[in-house]
Every structure is written in structure tokens, then in C-alpha cells.
Amino acid sequence: MAGPHDHDNANHEVQPTEAPTAKIGLYFGTQTGKTEQVCGIIKQEFGDLVSDPIDVSEGDLEHFPNLEGLICGIPTWNTGAEELRSGTTWDDLLEKIGELDLKGKPVAIFGLGDSVGYGEDFVDAMEELHRFFEKAGAKMVGYVPLDGYTFVSSRCLIPHLNEITKPEDGEKFCGLAVDEDSQNELTDERVKNWCTQLKSEMGL
Ligand SMILES: Cc1cc2nc3c(=O)[nH]c(=O)nc-3n(C[C@H](O)[C@H](O)[C@H](O)COP(=O)(O)O)c2cc1C
């Protein structure tokens, strides 16, 4: 029998998430919350220009083309893997990101890792996300020099992306590397400096 609330309940499909109203979308994947914490610093620095941090397992890729830019955080958990290195929801989304049309849109990536405990594969998942956004036509910004980092090798070093490369053979990370495990005293300054760089590179 039809009741007064039937109309509200008519559609039990998963509803699309609301589009962020800010210019820049701030998205993260995480296993233990450190990448989300770093988003908190970024949100503080940008204020209303960026969305509240959105867990990418709850966000909607369809909103990406409508944003003016994106800042995305990704940790590395699948040590030494050829692909799907993050171990978070980002791994399930890479192919779909590559199929989006993000032509010319500024996108910046930051990667969480451990330069001591996992120094041979430091922040490797950052390169994968970078690669698929680039495939979508995004204008990648936020590259960072290697000064102040000590690690054995990484796949995230320009100009040798997706190759296991020693720091002496690389010029920059393809995003911001953040090490909350072994260099957490540097996180605040690194992230704040990066935000200043992004404001300039994204024209904000
Ligand atoms: C089992 C395991 C594997 C990890 N593998 C890597 C790795 O290959 N490269 C790296 O830089 N960090 C690695 N890490 C460090 C994590 O990326 C780091 O702790 C990160 O801050 C976690 O972020 P989250 O809390 O947002 O998940 C690993 C940590 C664990 C416990």
C-alpha cells in the first residue's frame, strides 16, 4: 500500500556525491590516516579555494572535469609492485582517471612514504597517479627538488619516471614527497612551501 514517504524511498540506487563547490578539489586515499592529516594542512593554507578533504573512496570522479584543478594525496603500501602500488582506492580508479578529459587542468600530487623503512621504493605510488592524470591531459604541477631527502631510489623522479632511479640521477619528484614516518618534523614546512608554490603554478 502506498504511504506518504514512498516517493522519497523510491530510488534505492547509490546517489552520486555532491560536487565540491570550491575551485580546487582536495582528494586523498589512505590506510592509516596520515595522508588525510596532510590534507588538513593543505586545507588550512588554501581556505575556501579548496574543498574539504574528500576520501576518494567516497568521492566521485565525474566531478573532476568540472573542477578548476585538483590536489591529490596518495600513500605507497604495495612495496616494489609494478602497478597498483598505493594499496588504497586510488588503485581501482587509475584506469578511469586515464579516460577522463582533463585537458589543461592543473593537477598536483603529493605522496606519503617512508624514506628509511622503504627507501628503495620511496613514494612510488605517486608516479602512477601522475601518469594517469597526465594521460587524461592534465597539466601536472607541484614538482619538488630532492634537497633535504635521503633515500635509495624512487620511481617518481623526473626525468626517469616509472624507472627505479637513484636520487643522484634524478632532478625532481613529480609531486611533493611527505615522510611522516622518518622525517615528520619537516612535514609542516614542506607542505606549506608546496602550497605557496601551487598557488603560483595554479594561478590562484
Ligand atoms: C607494509 C608497509 C609497506 C609500505 N611500503 C612503502 C613503500 O613501498 N614506499 C614508501 O615510501 N613507503 C611505504 N610505506 C610507508 C607508508 O607509505 C607510510 O607509512 C604512509 O605515511 C602511510 O600513509 P597512510 O596513513 O595515509 O596510509 C609502507 C608502510 C607499510 C607498513
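Which residues touch the most other members of the largest nonpolar core? They are Ile-42, Ile-71 and Ile-109, in a core of 46 residues. The model is predicted: local features need pLDDT of at least 70, side-chain atom pairs count only at pLDDT 80 or more, and totals for chains, interfaces and linings use all residues. Residue numbers start from 1 along each chain as its sequence is written.

**Nonpolar core**
- A nonpolar core is a set of buried Ala, Val, Leu, Ile, Met, Phe, Trp, Tyr and Cys residues joined through C-beta atoms within 7 Å.
- Buried means 20 or more other C-beta atoms within 10 Å of a residue's own, exposed means 12 or fewer, and partly exposed lies in between; C-beta atoms are placed from the backbone.
- Elements giving two or more residues to this core include β1, α1, β3 (69-75) and α4 (187-201).
- β4 supplies the largest share, five residues.
- Helices (H or I, at least four residues) and strands (E, at least two) are DSSP runs, numbered from the N terminus.
- Ile-42 touches Leu-26, Val-50, Ile-71, Val-191 and Cys-195, leaving out residues up to four places away in sequence.
- Touching means C-beta atoms, placed from the backbone, within 7 Å.

**Thr-30**
- Thr-30 sits in the loop between β1 (24-28) and α1 (34-46).
- Thr-30 counts as buried because it has 25 C-beta neighbours inside 10 Å.
- Beyond four places in sequence, Thr-30 touches Thr-35, Glu-36, Pro-75 and Thr-88.

Key:
Two residues are in contact if their C-beta atoms, placed from the backbone, lie within 7 Å.
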